[in-house]
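Trainee: Could you take one part of this model and go through it closely? Then place it in the rest of the chain.

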Amino acid sequence: MSRTRAATSYPHAEIDTAIRILQVEDCAFDAELIQAELDLDRINYVVCLVEDEPEFMEALDEFKPDIILSDLSLPCFSGRRALELLRQRDQVLPFIFVSATLGEEAAIEALRHGATDYILKQNPVRLASAVRRALREADEQRGRNWAESELMRTQRFESLAMLAGGISHDLRNLLQPLLLAGDSLLDYQEDPRLARLGSLIRDCGRRGLDMVQSMLSLARGAPRTEEIRLAELFAALQLLLQGSVPRSVVFSTLIDPPELSFEGNYTELQQCLLNLSLNAIQAMPDGGELRISTRCESLDASFFRPDEIAQPGRFLRLTVADTGTGMSADVLQHLYEPFFTTKQEGTGLGLLSCQRIVNSHGGMIRVHSQPALGSRFDLYFPLQTSEARPAPRTELMATRQGRGESILVVAEEVGQLSLLADALETYGYLPHVGQSGVAALLWCRTHGHPDLVIIDADMALLSGERTLRALHERGYRGAAILLVHSSIEVALPDWPEGPKVSCVPKPLTPQALLQSVRHALDRDTPED
């Protein structure tokens with residue numbers, strides 16, 4: 001049986017928290033001598049004494065020692081065996097041999113196999129300092145291991161962000177024609193089947209583009225403060241969670257009010273919700289229900305805790321609730337401590353990160369949980385008086401009909417190029433196409449300047465901006481439309497006598513394209 005001695009307490013102890021010492025020793029007298037040496041050095045500790053392998057393994061699991069002091073040989077056990085068993089489980093936990101029979105060669109062999117230090121029983125003066133040094137070095141090693149793992153994880157995220165950015169061009173170019181084709185088919189209202197097919201194609205294209213944009217936003221980050229609409233935030237979260245929610249978990253959302261918008265950091269809030277949702281899913285290995293909901297509440301001064309700044313008023317409450325395993329009162333007390341985790345693999349920083357994000361928005365977190373009854377996280381965000389600003393209504397579309405104007409369309413993607421040309425031709429324009437900036441320059445040399453140039457900004461060989469510069473150098477002074485990704489800022493060329501350039505964000509619809517074309521041509525036409 002293992003025997004546990006209570007911690008020795010000193011009024012001025014240098015170590016505030018008791019050190020948990022697992023002592024492998026079969027001689028009670030020797031054990032007392034070793035403990036007396038620690039007492040002389042005013043170390044605050046609690047000790048668990050074991051003398052065979054079953055007791056040792058039980059103590060590793062139940063006692064969870066900070067350091068192990070072990071004799072070399074025991075009647076039913078050995079220090080070498082204890083060291084071997086420990087290193088199979090933990091490479092960092094300090095292990096110090098304290099023996100009367102440890103020779104120099106045996107000591108070197110012990111250190112080579114993972115022992116931290118060795119002390120001779122007949123000369124234990126160095127024991128206390130060896131314990132302190134071993135604990136300090138173990139903490140430093142754990143810190144280095146964590147830093148290395150975090151560095152590797154950060155590098156993996158950076159690699160994923162680079163990969164996401166690299167494939168986004170191809171993905172968006174592949175999905176863009178679905179929007180154009182779907183909207184074009186919707187014009188055939190006399191054939192209901194074509195109209196339904198157009199609606200399906202357009203919706204699939206939008207969903208795919210939204211998913212790509214959500215992944216890019218999470219990987220790359222977003223501006224520090226922006227206007228966030230609840231409906232858009234939750235739509236992006238559902239897309240990100242789509243492949244992570246198992247069939248055994250019922251996932252539901254309730255947004256009230258859906259038109260609410262407020263100031264915040266989109267990427268950070270998305271990360272916070274994603275962390276809480278994934279934690280909830282992991283807490284339901286056998287299935288359950290994950291509910292995410294919002295509502296507006298008025299909070300008075302009594303709601304706030306003593307360590308919080310009381311700011312009564314209107315708040316948005318965002319709730320993530322699950323029916324999983326729940327948490328005990330002891331776990332709840334350590335919930336936001338760095339590196340505290342109940343998972344076998346995890347840094348314990350997810351909830352700490354959530355707390356930091358919510359606090360940076362001027363909000364608070366409330367947690368309600370009981371073992372076997374699930375958990376609920378309530379996030380409170382302050383709302384300004386302008387909280388209920390609805391999304392701006394789309395302006396009435398100007399006339400789209402062309403008058404036979406010549407338009408040069410330049411894009412690398414064949415499907416996008418064809419659909420753009422078809423849409424322009426359908427509405428009375430005369431489109432010409434080119435798959436590169438070089439092809440556009442050759443067309444202008446052969447056929448002269450068009451009335452308007454529509455060019456994709458993101459082309460591999462000769463970018464849209466460089467192509468416009470080359471056209472300007474060759475005398476083009478007409479209007480130009482640059483098709484750009486909505487997530488990328490583009491500096492428009494500043495030419496006093498050059499083309500009048502406007503940007504149209506991608507993904508684009510035929511309606512947005514035709515409206516921009518008509519506006520660009522009318523603006524470029526001199527008044528009589």
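Mentor: Start with helix 13. Its buried residues pack against helix 12 (437–447), strand 16 (452–456), strand 17 (479–485) and strand 18 (500–506). Contact here means heavy atoms within 4.5 Å. Helices (H or I, at least four residues) and strands (E, at least two) are DSSP runs, numbered from the N terminus. The model is predicted, so local features need pLDDT of at least 70 and side-chain atom pairs pLDDT 80 or more, while totals for chains, interfaces and linings use all residues. Residues are numbered from 1 along each chain as its sequence is written, and side-chain values use heavy atoms, without hydrogens and water.

Helix 13 spans residues 464–473. Gly464, Thr467, Leu468, Ala470, Leu471 and His472 are its buried residues. Buried means under 20% relative accessible area, exposed over 50%, and partly exposed in between (1.4 Å probe, protein chains only). An α-helix has 3.6 residues a turn, so residues three or four places apart point the same way. After helix 13 comes Gly475, with a positive phi near 95°.

Now the sheet. Strands 16, 17 and 18, which helix 13 packs against, belong to an open sheet of five strands. The order is 15-14-16-17-18, with parallel pairing. Two strands pair if DSSP finds at least two bridges between them. Strand 15 (430–434) and strand 18 are the edges, each pairing on one side only. On average, neighbouring strands are turned by 20° against each other, direction ignored. Strand 14 (residues 406–410) runs parallel to strand 16, joined by four bridges. In one of these strands, strand 16, Ile455 is the bridge partner of Val410.

Other helices pack on this sheet too. Helix 11 (residues 414–426) touches strand 14, strand 15, strand 16, strand 17 and strand 18. Its direction makes about 170° with that of strand 15. Helix 12, a partner of helix 13, packs on the sheet through strand 14 and strand 15. The direction of helix 12 makes about 155° with that of strand 14. Axes are lines fitted to C-alpha atoms, for helices over the stretch in contact, and angles run from 0 to 180 degrees between N-to-C directions.

Elsewhere, take a helix pair. The axes of helix 2 (residues 53–62) and helix 3 (residues 79–89) come within 11 Å and cross at roughly 30°. The two are therefore roughly parallel, a label for angles under 35 degrees. Glu53, Phe56, Met57, Leu60 and Asp61 of helix 2 meet Arg81, Ala82, Leu85, Leu86 and Arg89 of helix 3. By class, this contact has six nonpolar, no polar and four charged residues. Ala, Val, Leu, Ile, Met, Phe, Trp, Tyr, Cys and Pro count as nonpolar, Asp, Glu, Lys and Arg as charged, and the others, Gly among them, as polar.

Some loops deserve a check. Pro257 sits between strand 8 (249–254) and strand 9 (261–264). Ala372 is not a glycine, yet its phi is positive, near 70°. Ala372 lies in the loop between strand 12 (364–370) and strand 13 (374–382). Its relative accessibility is 65%, so Ala372 counts as exposed.

Finally, the whole chain. The protein has 14 helices and 18 strands. Of its 528 residues, 44% count as buried. Among contacts with a separation of 6 or more, 71% come from residues 24 or more positions apart.

Terms used:
Angles under 35 degrees count as roughly parallel, over 145 as roughly antiparallel, 65 to 115 as roughly perpendicular and the rest as oblique.
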